[in-house]
Amino acid sequence: MTSIGAVLARNLKALRAEKGWNQGVLAERSGFSLEQVKRIETDASWVSKDAVAALALALDVPESRLFLDPDLIPSPTIQDALRVIADTVGVPIEFPNPKR
């Protein structure tokens with residue numbers, strides 16, 4: 001089983017790459033130093049909730065997107081059901097596109 005820190009680190013790298021950013025751009029936009037971004041992308045197990053919020057804001061994604069494990073993406077039917085629940089309680093939810 002993949003740790004939540006490993007999922008966060010992998011998602012940060014992937015989202016950053018999707019935007020065509022290097023680690024320096026993410027550092028600048030999130031308010032972290034380049035060394036902090038490197039550490040987070042290597043081992044995100046220590047990241048605070050404020051850090052997650054800053055990273056999500058910089059990447060323009062919901063915080064929940066940083067924790068979605070692409071290996072555990074639910075089926076489209078389950079995604080639809082989860083969206084209805086999320087809309088009902090007012091929580092944004094986003095699912096990555098599987099790259100299989």
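This presentation describes a predicted model of one protein chain, from its overall build to individual residues.

Let me begin with the conventions. Residues are numbered from 1 along each chain as its sequence is written, and side-chain values use heavy atoms, with hydrogens and water left out. As the model is predicted, local features need pLDDT of at least 70 and side-chain atom pairs count only at pLDDT 80 or more, while totals for chains, interfaces and linings use all residues.

On confidence, pLDDT is the predictor's own confidence in each residue, from 0 to 100. The chain has a mean pLDDT of 84, and 86% of its residues reach 70 or more.

I turn now to the overall build. The chain holds 5 helices and 0 strands, where helices (H or I, at least four residues) and strands (E, at least two) are DSSP runs, numbered from the N terminus. Read from that end, the order of elements is α-α-α-α-α. Of the 100 residues in the chain, 32% are buried. Here buried means under 20% relative accessible area, exposed means over 50%, and partly exposed lies in between (1.4 Å probe, protein chains only). The accessible surface comes to about 6300 Å², and 56% of that belongs to carbon and sulfur atoms. Such areas come from the Shrake-Rupley method with a 1.4 Å probe; for residues, only the protein chains shown count as cover. A contact is a pair with heavy atoms within 4.5 Å. Among contacts with a separation of 6 or more, 58% are between residues 24 or more positions apart.

Next, the interior. A nonpolar core is a set of buried Ala, Val, Leu, Ile, Met, Phe, Trp, Tyr and Cys residues joined through side-chain atoms within 4.5 Å. The largest such core has 18 residues, and Leu-12, Leu-26, Leu-55, Leu-59 and Leu-66 touch the most other members. Helix H1 (4–18), helix H2 (23–30), helix H3 (34–42) and H4 each supply at least two residues of this core. The largest share, 6 residues, comes from H4. Which residues does Leu-66 contact, leaving aside its neighbours within four places in sequence? They are Val-7, Leu-8, Asn-11, Leu-12, Leu-15, Val-52, Leu-55, Ala-56, Leu-59 and Val-61.

Let us move to the charged pairs. The structure holds 2 salt bridges, a salt bridge being a side-chain nitrogen of Lys or Arg within 4 Å of a carboxyl oxygen of Asp or Glu. In one of them, the side chains of Arg-16 and Glu-41 meet at 2.8 Å, N to O. Arg-16 lies in helix H1 and Glu-41 in helix H3, so this pair ties together parts that are 25 residues apart in sequence. Are these two residues buried or exposed? Arg-16 counts as buried because its relative accessibility is 13%, and Glu-41 counts as buried because its value is 3%. Glu-41 is also in contact with Ala-9, Leu-12, Lys-13, Gln-23 and Leu-26, among others, when neighbours within four places in sequence are left aside.

The other salt bridge joins the side chains of Glu-35 and Lys-38, at 3.8 Å, N to O. Both residues lie in helix H3, 3 residues apart, about one turn of the helix. Glu-35 has a relative accessible area of 47% and is therefore partly exposed; Lys-38, at 33%, is partly exposed as well.

Two residues in the loop between H4 and H5 deserve a word. Asp-60 is found in the loop between helix H4 (49–59) and H5. Its phi is near 60 degrees, a positive value in a residue other than glycine. With a relative accessible area of 67%, Asp-60 is exposed. Glu-63 is found in the loop between H4 and H5 too, and at 41% relative accessibility it counts as partly exposed. Not counting residues up to four places away in sequence, Glu-63 touches Val-52, Ala-53 and Ala-56. Glu-63 and Ala-53 are 10 residues apart in sequence, with their C-alpha atoms 6.2 Å apart.

Finally, the surface. Patches are made of residues with over 30% relative accessible area and no salt bridge, with like charges joined within 9 Å and nonpolar side chains (Val, Leu, Ile, Met, Phe, Trp, Tyr) within 5 Å. Ile-78, Leu-82, Ile-85, Val-89, Val-91 and Ile-93 form a nonpolar patch, with about 490 Å² of accessible area together. Of these, Ile-93 is placed in the segment after helix H5 (76–89), and it counts as partly exposed because its relative accessibility is 31%.
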